[in-house]
Amino acid sequence: MDSKGLSEAIQCKAWELGFELVGMVPVAPSETHRIYKDWLKKGYAGDMAYLKRHLPLKEDPRTLLPQAVSLVALAFNYHTGDHPEIDGSHGKISRYAWGDDYHELIHERLRLLREYIHGDLRLGEESRGFVDSGPVLEREYAWKAGLGWFGKHSNLIHWKKGSWLFLAELLLDIPLELGQPFIRVDCGSCTRCIEACPTDAIVADREVDSRRCISYLTIELKGSIPEELRSGMGSWIFGCDICQEVCPWNSPGEIPSEDAFQPQSEFTPLDLMELFSMDDQSFRDRFRNTPIWRLRRRGMLRNAAIVLGNQRHLPATEALGHGLKDEEPLVRGASAWALGELASPQAFSFLSASLDDEQDSTVREEIQQSLASHEATSEDPPPGVTSP
């Protein structure tokens, strides 16, 4: 079988396995590694230390597989319809996390594709597959393989599939018929994604400051969310879809046939107050096989408190009061801020009662700030606070 026939066979098998976009490129040093390095120097990676560790690995895919000759770039469509309407007790989850953990599913499909190439076709000996957590500059190779272009929100956009795409790569030690890069940039003068970002995370065309991105704040950031960015989170408890929702290339979005990516009704949307009654084991039982598990209970409750505070949902006062007693300082601090945003007599009663017993300095500061904000706007200070 010549390289053209082999490429066509691999493409057909990839389609059969659910990959909607497939392209091939020769393995070569990255052309965007310098841009990535400069992005890291600006501090835009925030606390994502693994991105810095990946820097030398991303310079050339052959650092990951020395025998590699070709790279197969692949994409899975994960658009699963519109977000359901929510009230103040619920939070939004990014579409990519509505179903099963995509890493596991796509890695399994890559394994089957590798078995087909090495087993059924009896070609090659070495291969290695990656999903988005691997040290590969995946958008560059997807662009080189003709799968699309870099949008101003920095996601890859395909002219027909839009940007609701999981990207994956397969390194092979065999030559393939190679594709052509996508040579047009079709965002034109459109700046909808830049204008729509509520935290101004898109600091320039195709440049995102992760430290301001809602997806980073709700997933990657392990500590307290900066106060000035909390209101921008709105109702997003895990990830964010705003920059993709406003993109003209995603309207209307194509619904994929992959059952595993369809929404799980028990947490789409997610009842936020219920989370505060969950211990570590119940959280594990509910979310273990979903992308949400990555956040762990403490991170999810932190986000839930911020969203309830943003939505000024008074029925959440009891749940947030329970959060003030949580074993995790991260949860207590976020609950204290949210109770201050609710600004009800019961909320301030909870805050005042917890102040004397709180030992963590950061949490005490959150409580004091919430109480002080009430004192500044009320003639009658809450219990435990004396007017000057």
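## Strands, helices and loops in a predicted model

Strand β3 (residues 90–93) pairs with strand β11 (residues 270–271) in the antiparallel sense, over two bridges. Two strands are taken to pair if DSSP finds at least two bridges between them. Helices (H or I, at least four residues) and strands (E, at least two) are DSSP runs, numbered from the N terminus. In this pairing, H90 stands opposite D271 in β11. Strand β3 is also joined by two bridges to strand β10 (residues 236–238), and these two run parallel. Here I93 stands opposite F238 in β10.

This is a predicted model, in which local features need pLDDT of at least 70 and side-chain atom pairs count only at pLDDT 80 or more, while totals for chains, interfaces and linings use all residues. Residues are numbered from 1 along each chain as its sequence is written, and side-chain values use heavy atoms, with hydrogens and water left out.

### The four-stranded sheet

An open sheet of four strands has the order β1-β2-β7-β4, with antiparallel pairing. Strands β1 (21–26) and β4 (127–130) stand at the edges with a single partner strand each, so one side of each has no neighbour in the sheet. On average, neighbouring strands of this sheet are turned by 20° against each other, direction ignored. Strand β2 (residues 70–77) and strand β7 (residues 165–172) form an antiparallel pair over eight bridges. Within this pair, L71 stands opposite L171 in β7.

Contact means heavy atoms within 4.5 Å. Axes are lines fitted to C-alpha atoms, for helices over the stretch in contact, and angles run from 0 to 180 degrees between N-to-C directions.

| Helix | Strands touched | Angle between directions |
|---|---|---|
| α1 (residues 3–16) | β1, β2 and β7 | about 145° with β1 |
| α4 (residues 102–120) | β2, β4 and β7 | about 35° with β7 |

### Helix α2 and its surroundings

Which residues of helix α2 are buried? In helix α2 (residues 33–41) they are H33, Y36, W39 and L40. Seen down the axis of α2, these buried residues fall within an arc of 120°, so they line one face of the helix. The arc is that of the directions from the helix axis to the C-beta atoms. As background, an α-helix has 3.6 residues a turn, so residues three or four places apart point the same way. Buried means under 20% relative accessible area, exposed over 50%, and partly exposed in between (1.4 Å probe, protein chains only).

R34 and K41, on the other side of α2, are exposed. The buried residues of α2 pack against α3 (49–53) and β9 (207–208). Just after α2, G43 takes a positive phi of about 85°.

S210 has its place in the loop between β9 and α7 (214–220). With a relative accessibility of 11%, S210 counts as buried. Leaving aside neighbours within four places in sequence, S210 is in contact with W39, Y44, M48 and Y216.

How do α12 and α14 lie, and at what angle do their axes cross? The axes of α12 and helix α14 (residues 329–342) come within 8 Å and cross at roughly 5°. That makes α12 roughly parallel to α14. Angles under 35 degrees count as roughly parallel, over 145 as roughly antiparallel, 65 to 115 as roughly perpendicular and the rest as oblique. On the α12 side, residues making the contact include L301, A305 and I306. On the α14 side, V331, A334 and W337 are among them.

Q311 lies in the loop between α12 (296–310) and α13 (317–323). Q311 has 23% relative accessibility and counts as partly exposed. Not counting residues up to four places away in sequence, Q311 touches I86, D87, G88, S89, H90 and S235. Its side chain reaches the backbone oxygen of G88 at 2.6 Å. The C-alpha atoms of Q311 and I93 are separated by 15 Å, and these residues are 218 residues apart along the chain.

### Two arginines with positive phi

Most residues other than glycine have a negative phi. R312, in the loop between α12 and α13, has a positive phi of about 50° although it is not a glycine. At 44% relative accessibility, R312 counts as partly exposed. R122 is found in the loop between α4 and β4. R122 is not a glycine either, yet has a positive phi of about 55°. At 74% relative accessibility, R122 counts as exposed.

Technical notes. Polar contact = N/O pair within 3.5 Å; in protein donor to acceptor, adjacent residues only side chain to side chain.
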